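These are my notebook entries on a structure that I had not examined before. I record below what I looked up, entry by entry.

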Amino acid sequence: MPAMSEQSSDLPTLDVAIVGAGFGGLYMLHKLRQLGLRARIFEAGGGVGGTWYWNRYPGARCDVVSMEYSYQFSDELQQEWEWSERYATQPEILRYVNHVADRFDLRKDIEFNTRVSSAVFDEAAGRWTVTTGQGQRVSAQFCVMATGCLSSTNLPDFPGLDSFRGERYHTGQWPHEGVDFTGKRVGVIGTGSSAIQSVPIIAQQAAQLTVFQRTASYTIPAHNSAIAPAEVQAIKADYRGFRERNKQQPFGVDFRSSKASALEVSVEEREREYEDRWQRGGLAFLGAFGDLLFNREANATAADFIRRKIASIVRDPALAAKLAPTQIVGCKRLCVDTGYYDTFNRPNVALVDVGETPIEAITPAGVKVGGQEYAFDCLVFATGFDAMTGALLKIDVRGRAGLTLQQKWAEGPRTYLGLQTVGFPNLFTITGPGSPSVLTNMLPSIEQHVEWIADCIHYVGSRGLRTIEATQPAEDAWVEHVNGVANQTLYPGCNSWYLGANVPGKPRVFMPYIGFPPYVQKCNEVVAKGYEGFRLAS
Ligand code: N01
């Protein structure tokens, strides 16, 4: 690899500065090292793992099966690692990611406990100056944001938030030493995936648990279990084929997706299909019929099935009715649980509906709703994330002519392929808005982006070029295409974090791109046409 562009100042120099040591950042570092480049990761946390480093709440585990939720870039790695359960727990995933960091000797190029505060493009030099919270500065030709899609926590600005006298936790920033809720009165705010996983476990410890629900979620049983050795052997015998087949699926994961319409089969057949998927468990429920995410009537059949399941599990009919969601299934991210609905049959668990009567305030004693105060020893905010853009916009990113990313994205994120945004040359985002990211198995999406970015950096460097930047027409066309695809589906039809609707004031823009295989094809075509839609400059 020829030398990259020359340094502009006497700052320490890198070819590539990487922000974040989650799955994206780690593989990026590994790939760049293989190209002989000088790359370094700056990571706010004290260890590797990104989302799996921070989200240590009780019950945290992945909702993609472990044989798929892992790297595939190294066959030795995927052959030697043994997952113990169908859905891996957070501690097991963290062990895996630490194993990867050690196996590929990545730690020596990672600065932990180092939050990047700004990244500023120097137009004259064609380089980025990256500054950390500690005031350390480096100059890098390229900057790769591997900051994660669900890493900036959302803590609603409830009146009196800081007045609470008890213990306060956020699921996305859980204490490393864990929390013992034994004998405590606990309030959980939120009923998304994090709450749905933690509520059944907190309920077993707490004296009293009260769940504050603004929108009821659909959740499918995980039916988690140990993985049968025969299943592991069968997958490992053809791991490459298994991965390749899954990458051809719409979400990049094996949902056993059917093309049949839910409206064109008999009622009995439809019921059998839903029942079979409910019994097998997991997100593959959404693969039951090809039109579930396109046709409201089709979707309503799935909604009706799940609501009947809830009514059959929750003994108190009034409570079952409150827990029954009314929105489109899958429009907000479908959840996967172990015993969530059944937890509400416990005498120590209560549900407070804050959909129509919102939380008024957090008080020194607890939570106030509709004039009534609920007293707690501990409050758990399972209130999610400022998804997809939050972590990027927390960094003061300045591109050409001092344009900030906040300014550029004031009306919502605009990117070309979710990889670059005009005005910010040589800056890449791994699984950025406008890419399939959160609507896929994150691991193959991350690997596809890392490999694309590494190839691109190599292309620029090996031709002695200085910068690569998306063009305005390419970006505009891509944004329009992302929206066009989303508007053909039911996704924009509810207040999801995909749309930024969970964060007050956030622009309402559908952020992920729907469809992994066509996306990969488009990225490959762009390269085949000499980085079509990008401007390369020397
Ligand atoms: O966050 P969420 P999460 N007053 O945004 C409620 C991934 N993940 O951390 O729906 C009252 O889903 C909010 O209510 P509403 C996965 O992709 C994966 O649970 O906005 N309530 C909602 O109920 C997931 O989708 C795994 O009306 C308020 C909850 O807080 C994503 O991360 C596990 C409120 C937030 O739910 C996020 O999940 C965990 C307010 N002011 C997470 N503000 C697995 O792999 C918000 N809420 C299994």
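Entry 1, terms and source. I take two strands as paired if DSSP finds at least two bridges between them. Helices (H or I, at least four residues) and strands (E, at least two) are DSSP runs, numbered from the N terminus. This is a predicted model, in which local features need pLDDT of at least 70 and side-chain atom pairs count only at pLDDT 80 or more, while totals for chains, interfaces and linings use all residues. Residues are numbered from 1 along each chain as its sequence is written, and side-chain values use heavy atoms, with hydrogens and water left out.

Entry 2, the hairpins. I looked up strand β4 (residues 116-122) and found that it pairs with β5 in the antiparallel sense over six bridges. V116 has T132 of β5 as its bridge partner. Four residues lie between β4 and β5 in their hairpin, and G126 in the turn has a positive phi of about 65°. I then turned to strand β6 (residues 137-145), which runs antiparallel to β5 and is joined to it by four bridges. Here W128 has A140 of β6 as its bridge partner. This hairpin also has four residues between the strands, and G135 takes a positive phi near 90°.

Why is strand β5 described as largely enclosed by the rest of the structure? Six of the six residues of β5 (residues 127-132) are buried, so the strand is largely enclosed. Buried means under 20% relative accessible area (1.4 Å probe, protein chains only). I noted R127, T129 and T131 on one side and W128, V130 and T132 on the other, so that both faces are covered.

I read α4 as residues 90-103, with 14 residues. From first C-alpha to last it reaches 20 Å, close to the 20 Å expected at 1.5 Å a residue; the expected span is 1.5 Å times one less than the number of residues. Among its buried residues are I93, L94, Y96 and V97. The buried residues of α4 pack against α1 (23-34), α2 (51-54) and α3 (75-80), where contact means heavy atoms within 4.5 Å. Just after α4, D105 takes a positive phi of about 50°.

Technical notes:
Buried < 20%, exposed > 50% of the residue type's maximum accessible area, 1.4 Å probe, protein only.
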